[in-house]
Amino acid sequence: MIDLHGHYLPWVGDGVASLDEALLMLRMAEADGVRVAVLTPTVVPGPTPLARVELEKKFAAFAQIARRRGLHVHLRLGAELVHGPGAIEAIDRGELPFIGAWEGRQVALLRWAEDFIPIG
């Protein structure tokens, strides 16, 4: 099983509160049959967006800790992009880790902002 949307990554955004909580959640996911988990911290575009480089550093550190603690879930870095001003431009500039690819195209996880209602 593949988990495409998990807020397991500690130290960023609205994810888990601690390293211990993150590892516990991953252990539970692994016990439930998850073999691949895409960690998708929330990214809000704006004047001070979460930098992709920082996300990648935190992800690498967490993945190493998870392996050392005996977790076998294959971890990947993605992001949940909150739609709003600058969101599409952030994708175009490569500031967003994609959750994967489908039919040769990169796939982004997009969340509507709470104060935004799409037309139609």
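Patches, the opening topic of this tour, are made of residues with over 30% relative accessible area and no salt bridge, with like charges joined within 9 Å and nonpolar side chains (Val, Leu, Ile, Met, Phe, Trp, Tyr) joined within 5 Å. The model is predicted, so local features need pLDDT of at least 70 and side-chain atom pairs count only at pLDDT 80 or more, while totals for chains, interfaces and linings use all residues. Residues are numbered from 1 along each chain as its sequence is written, and side-chain values use heavy atoms, with hydrogens and water left out.

**Stop 1: the positive patch**

Select R27, R67, R68 and R69, which form a positive surface patch. Lys and Arg count as positive and Asp and Glu as negative; His and the chain ends are not counted. The place of a charge is taken as NZ of Lys, CZ of Arg, CG of Asp or CD of Glu. Accessible areas come from the Shrake-Rupley method with a 1.4 Å probe, and for residues only the protein chains shown count as cover.

Within this group, go to R69. R69 lies in the loop between α2 (52-68) and β4 (74-77); helices (H or I, at least four residues) and strands (E, at least two) are DSSP runs, numbered from the N terminus. With a relative accessible area of 43%, R69 is partly exposed. On this scale buried means under 20% relative accessible area, exposed over 50%, and partly exposed in between (1.4 Å probe, protein chains only).

**Stop 2**

A salt bridge is a side-chain nitrogen of Lys or Arg within 4 Å of a carboxyl oxygen of Asp or Glu. By this rule the count is 4. Select K57 and E54 for one of them: the closest N and O atoms are 3.7 Å apart. The two residues sit 3 apart in helix α2, so about one helical turn separates them. K57 is exposed at 51% relative accessible area, and E54 is partly exposed at 35%.

**Stop 2: E80 and its two partners**

Select E80 and R111 next. They form a salt bridge whose closest N and O atoms are 3.7 Å apart. This pair links distant parts of the chain, with E80 in strand β5 (residues 80-82) and R111 in strand β8 (residues 109-111), 31 residues apart. Is E80 buried or exposed? E80 is buried, its relative accessible area being 6%. R111 is partly exposed, with 27%.

The side chains of T42 and E80 are joined by a polar contact of 3.0 Å. A polar contact is a pair of N or O atoms within 3.5 Å; within protein, one must be able to donate a hydrogen and the other to accept it, and residues adjacent in sequence count only if both atoms are side-chain atoms. T42 belongs to strand β3 (residues 42-43) and is buried, with a relative accessible area of 11%.

**Stop 3: R93 and E95**

Move to R93, in the loop between α3 (87-92) and β6. The R93 side chain meets that of E95 in a salt bridge of 2.5 Å, N to O. The two side chains are also joined by a polar contact of 2.5 Å. R93 is exposed, with a relative accessible area of 53%, whereas E95 is partly exposed, with 26%.

R93 and I65 are 28 residues apart in sequence and 30 Å apart in space, C-alpha to C-alpha.

**Stop 5**

Select V107 in strand β7, which is partly exposed at 28% relative accessible area.

**Stop 4: two backbone angles**

Select W11, in the loop between β1 (2-6) and α1 (19-31). W11 has a positive phi of about 80° although it is not a glycine. This residue is partly exposed, with a relative accessible area of 43%.

Then go to E103, in the loop between β6 (100-102) and β7 (105-107). E103 also has a positive phi, of about 50°, and is not a glycine. E103 is exposed, with 67% relative accessible area.

**Stop 5: L26 in helix α1**

End at L26, in helix α1. L26 is buried, with a relative accessible area of 1%.
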